Amino acid sequence: MAQRLRSRHRPLALAVVLFSVLAWLGLGSLTHAGAATASGGDFFPVAPAAKIVDTRSSLGVSAALGATSTASFQVLGQSGVPASGVSAVSLDITAANATSSGSYLQMWPDGTTRPYPGSVINFSSSADTSNSAIIAVGSDGKVDVYNSSGTVDVIVSVNGYFTSAAGTTSPGGYVPVTPARIVDTRDGTGAPQATIAPGGTLNVQVDGVDGVTDEASVYANITVPSPGAAGSLYAYATGASPGQPTVSYKSVTTAQGTVVPVGTGGQITLKNGSSTQSVNVVIDIYGYFTEAPSSGGSFTAVQDRLLDTRTSTAVAAHSSVSVAVGGNDGIPTTFGAAVLNLTTTSQEHGGFLQVWGTGPTTPPGLSVDNFQASTTTADQVIVAPGTQGAVTIYNDSAGTIQLIVDLQGWFSSDQTTPTPDPTDTAPDPTASDPGPKPSGAVTVSPGPTVSGTTDPTSTSTPTDTGAATVGGKFTNASGVPQQNLSVSVAATDGVPDDGTEAEEPVVGTATTGTDGTWSLTLPDPLPSTLQTLADANGGVLNLEATASGSAGNGTPMVGMDFLSAGVAHGSASTTASAEVRADETPHTTPMYVDTVTTDVDNAPTDAQTATSEAQRIADDASNVTNEFANLPTWQSATGDKTAYSANVVNGTDYSSATVTPYAACHNNATTLHSKIAYTTVGEAHAYYDAKASFDYTDTMSTSISLAVSTNQSVWTLSGESTQTGSIGHSTGYSGKGPYYARQWQVPILYKYQRVHTVCAHQNTRVWYRILPSGYKIPAGGAVGRFGKDVSSKDGYTRYAASNSKWRYVVPQTAYYGLSHGNTSADGHGVSVWGVGLKVSTSYDSKHTQKIEAGKAPYDHDVWGGYGPLDGNPGVFYSF
């Protein structure tokens, strides 16, 4: 079992309490207070949350708190919390019926001196308020609460507790994840685009989302945007009863960090406590508490004020401050997460805060502590630190604010993250003695040492100049170039979803030369319609090049190529656009007979799709090598079409036909069907004494082949579409291993479209295509999920058979990240409508395969799957 990191503070006879509260912070003395400290252990949820204090009914505390008054209440032994062996409890706290225009509560362990300054909740007489906090509990199992001014009722509900010794029983500790927005009902992110009706509920998938796995509870910031009137929101484990309200929201946008137990199907449920108004909700995930003992970080409570800008300089509009957490109050510079209460006051304008680990200069795009002008609001956050144990806080408003940061505790970075399903059992990679490394009888020479990333400059955005140029080549089916063909190039991403036919916006036309090649320089600047499409896709425009003509006897023939253009350049350059330009490889596209002139919707049924060859490959867990590489040229949901030839019509073979060009043509397209399919975008590997991670963050970075058909019975792949738009989430997984390797999948929307090719003085030809259309989370679905187990690609046997020039060694405790090149299209894919599509992800600073070596005194060997690591290996494996 791993040795759990522990605080070296002087032992105190204290336990710890985790509260939930939305509020204001005390604005009293600015004198630095001595830090109160206590160690904690593993976390247990209590579902549903149970009320232990309500001064309105004299529960726990006999009466409302008066001005400058203090009361204590019992925590241990209450409502499912054990009477002993507990170091922390998680509570929801609400301040209600306040008479003061501005007051605050403080909480601290009974029997100790009140920490001053500091607060856990700020409130006024305008509305009930709630927030989150972690407070040490006295040796008698009690917590003290102090009210600054006026009178106020206090309501406290318990939703979980920490054990006093970590790793002895289940569940476990805290694991931070890359913060991600998993639900926004305003735009349909992660849930239907609809408000929660009065008294209504919304189930939210959290297991498998943003790296959350084997979780007992999640920590999330829940926001109720612009409700219009005050109310309450319940957050609880799906399948359990709601228990007590979690968020007491005001009439304006209200945010609260809270711990929510996870229930049936890996989901949590939100319930609108209002009986009169519907509300929108936003959920941002920051971490989770594991189910397994000895996993996740252990908790230490520390109360201290780290920052108060009222004594220095206000935070300017749209600017940030860095706050050192590590190195203070006995906290190491490397640790798992900090528990902070963030308070804003004296705001010139309304806005919100953003918070993240110091290092990246770009905010994560998530909000905490939403505030109005000239108010005092607070929000608790649990955030992973960055450089030297610091966190960055960004003022996302048009005016200055005063910012107060109170520390409530920290989690260690001791994380032996559990595997995502019960069958993935493995040794602990941080064990003091992992044993000898498995090997074979043959001696194999290791490669050179490697660590860090292969592309240390990958975080910068390359700058391209000049208009984008695209091109290709058209031949007949025998490979003979076809000249003088008119090639119409149009954008494919603008076809509406409502079933109406739309003409694709033409980018330009070109003519094939004697060698069948064509080239087109795109307009610069682009027309506004095309620029809008490119901006939505990270500066990349997805295009279709169509050539039409006829064989010698007049039989119509058509060629369809799909390609992408990196149109962002100069100061507007994007990483995605630069990668597309760098990877430009013209396609050679054959011409096929197209005699279809009537519209028939013969899309494969679900039953046909389920029995297709592509779906069989996708469902075969043992098929993890060159999955879709072995698909036939012609695919069908209704059978194997290996012997099919698109150019044999009524006994005549048009494979060697010379195509006479038609005059300029254009395409009209209609979306007939749409479906979301989880698509494999990469994988990561960790064998002996190592941990694997796969990052797929913020934006897409994936090219997906398109399928075309003239009769909807058989399909072939043609070109690709590059998907690089924002996904609004950080997905992937981290810290998995040893002996662990899994693919990672994200949800992508696919469209089944009918295309009319309209040429002057010719009959309109009809053909069909299947193409990707961006990242989209299904209702109740995950932002990402695990794919196949690919650990069979690792180990000594595979290592011994690898190319010796592609081998490398990762030093003990070092990491290696692959952040350039592309994943192998042969090894990844998706099946939609019975057709297998090839998928390739471009590695960069946000899309990375990583491995972290443990402490064992043996080489940590890796090797490129398709080339050396400083070339384009596609993937690397582990031994």
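Mentor: Welcome! Helices are DSSP runs of H or I with at least four residues, strands are DSSP runs of E with at least two, and both are numbered from the N terminus. This is a predicted model, in which local features need pLDDT of at least 70, side-chain atom pairs count only at pLDDT 80 or more, and totals for chains, interfaces and linings use all residues.

Trainee: In which strand is confidence lowest?
Mentor: Confidence in each residue is given by the predictor as pLDDT, from 0 to 100. The chain averages 83, and 86% of the residues score at least 70. Where pLDDT is low, the predicted coordinates should not be read in detail. Strand E32 (residues 517-521) has the highest mean, 96, whereas the lowest mean, 33, belongs to strand E1 (residues 15-21).

Trainee: In which strand does Gln74 lie, and is this residue buried or exposed, or in between?
Mentor: Gln74 lies in strand E4 (residues 69-74). Buried means under 20% relative accessible area, exposed means over 50%, and partly exposed is in between (1.4 Å probe, protein chains only). Gln74 has 26% relative accessibility, so it counts as partly exposed.

Trainee: Which backbone oxygen does the side chain of Gln74 reach at 3.4 Å?
Mentor: Start with contacts, meaning heavy atoms within 4.5 Å: leaving aside residues up to four places away in sequence, Gln74 touches Ile52, Asp140, Gly141 and Lys142. A polar atom of the Gln74 side chain is 3.2 Å from the backbone oxygen of Leu76. At 3.4 Å, the side chain reaches the backbone oxygen of Gly141.

Trainee: How many residues of strand E13 are buried?
Mentor: E13 (residues 215-224) is largely enclosed by the rest of the structure. Strands pair if DSSP finds at least two bridges between them, and E13 has eight antiparallel bridges to strand E18 (residues 282-290). Another eight antiparallel bridges join E13 to strand E16 (residues 254-261). As for buried residues in E13, the count is ten of ten.

Trainee: How many residues of helix H2 are buried?
Mentor: H2 (residues 575-582) is mostly covered. Its cover includes strands E33 (540-550), E34 (556-566) and E43 (716-723). Among the buried residues are Ala576, Glu579 and Arg581. Of the eight residues in H2, the number buried is six.

Trainee: How many residues apart in sequence are the parts tied together by Asp695 and Lys850?
Mentor: A salt bridge is a side-chain nitrogen of Lys or Arg within 4 Å of a carboxyl oxygen of Asp or Glu, and the whole structure has 14 of them. One of these joins Asp695 and Lys850 at 3.1 Å, N to O. Asp695 lies in strand E41 (residues 690-699) and Lys850 in strand E52 (residues 847-853), so the pair ties together parts whose separation in sequence is 155 residues.

Terms used:
Residues are numbered from 1 along each chain as its sequence is written. Side-chain values use heavy atoms; hydrogens and water are left out. A polar contact is a pair of N or O atoms within 3.5 Å; within protein, one must be able to donate a hydrogen and the other to accept it, and residues adjacent in sequence count only if both atoms are side-chain atoms.
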